[in-house]
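Hi everyone, thanks for making time.

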Amino acid sequence: MKLFAIDLDGTLLNEEAKISKVNADAIRKAQQQGVQVTIATGRAAYDAWIKLEEAELVTPVIGANGATVHDAHRRQLTSTPMDRSETFEVLSWLRENDFYYEVMTDRAIYSPQNGHQLLAVEMDRLLSANPDISLNALLHAAEKQYEQTGHTRIPSYEDIPLDVEIYNVLCFSFDQAKLNRGRERYREFPGLNMVISSDRNFEVEHKDASKGNALCYLADHLGISMEEAAAVGDSYNDISMLTMAGKGIAMGNAKDDIKAVCSEVTLTNVENGVAHTLLNILDKLPKPTL
C-alpha cells in the first residue's frame, strides 16, 4: 500500500472535531515509512489545512468532495468547478423552497444572511411536532454549519463575486420531507453529481467531481496505481473513493450500507479507528532489508 486517503468528519476527526494525537502519530509513522497520505474531505481545502496545522501534519488535500486537489505544499493541482449559471439555477430553486444553503468557492463559503432564521423556523416546527427531541442536539447540528473557516454571509447568491470558482452547494434542513424533495430533484439531475454527507444534508457539484475521481488524479500524479491505494471513510460521499481504491475501509460508526461496499471495517472515529487500521496496514508491509 503506497497511498492512504482519509476522510475528515466522522473518520479522522473525533467528537471534538480534532485530530487526536494517536491518529496524528500513526499518519506521521506512515509517512516516515514512505506511504503517501492524503486528506479527502467535503470541507474546503483551506478549512482542512487548519485541522492539519493543529495536529502538526502536512499532507495533500482532496477538498470540496473531490472538486479540488492540492499538493502537500498547498499548490492547486486541479479543480472541477461548477458552471455559474447552472449553480444559480440550483440556488434559485433552493431559495424559492426556503432552503438553508452554503456555496463553497476558492475564496470563501457563502451562505444567506437569513440562514439562522430559516433554520430556527425549522427547529421550532420539529420541536413542536416532536417534543422529545433534544434542543441541544439540534443547536449543535445547526452551529456545526458555521464552524468552517471562511464563512461569509451575503444578502443573496447573486452577490457571490464573479471571479470565484464555485465548487459545490450544500443544502441543510431539519425538515425531512423538504430534504427528501431536494435529494430526489438532484439525484439524477443532468450535469450535476449529488452526494449526502450527513442525515440532514445533500450537496450538489459538477458531475465529474467526486472523491474517487480526485483520488485517481492524485494517484496518477504521484505515479501510484489505484490498486496500491487504500481509503477510509464513514459516509455516502466517501463511497466513490472506497470502491475505486484497491482497499476500502469503513469506520465502525459508518452506516451498514457504507460498510457493505468495503472490504474491512475498523474502529469508530472516537476510538482512533484511522490509527488502528493504518498501523495494521503498516505492520503487513514488507520490512526494508539492511
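Let's start at Leu-12, which touches Ile-6, Asp-7, Lys-18, Ile-19, Asn-23, Ile-27, Ile-39 and Val-274, leaving aside residues up to four places away in sequence. Contact here is heavy atoms within 4.5 Å.

A word on what you're looking at: this is a predicted model, where local features need pLDDT of at least 70 and side-chain atom pairs count only at pLDDT 80 or more, while totals for chains, interfaces and linings use all residues. Numbering runs from 1 along each chain as its sequence is written, and side-chain values use heavy atoms, with hydrogens and water left out.

Back to Leu-12. Together with Phe-4, Ile-6 and Ile-19, Leu-12 touches the most other members of the largest nonpolar core, which has 38 residues. Such a core is a set of buried Ala, Val, Leu, Ile, Met, Phe, Trp, Tyr and Cys residues joined through side-chain atoms within 4.5 Å. Buried means under 20% relative accessible area, exposed over 50%, and partly exposed in between, with a 1.4 Å probe and protein chains only. Among the elements that each supply at least two residues of this core are β1 (3-6), α2 (21-32) and α11 (273-284). Helices (H or I, at least four residues) and strands (E, at least two) are DSSP runs, numbered from the N terminus. Apart from that core lies another, of 25 residues, among them Met-82, Phe-99, Tyr-110 and Tyr-157.

Now the strands. How many of the residues of strand β9 are buried? Seven of the seven, residues 166-172, so β9 is largely enclosed by the rest of the structure. β9 pairs in the antiparallel sense with β6 (residues 100-105) over six bridges, and with β11 (residues 201-206), also antiparallel, over five bridges. Pairing needs at least two DSSP bridges between two strands.

Next, helix α8, residues 211-222. Here Lys-211, Gly-212, Ala-214, Leu-215, Leu-218 and Ala-219 are buried. They cover an arc of only 160 degrees around the axis, which puts them on the same side of α8; the arc is that of the directions from the helix axis to the C-beta atoms. After α8 comes Gly-223, with a positive phi near 75 degrees.

Finally, the cysteines. A search of the whole structure finds zero disulfides, meaning pairs of cysteine sulfur atoms within 2.5 Å. The sulfur of Cys-262 is 16 Å from the closest cysteine sulfur, in Cys-216, too far for a bond.
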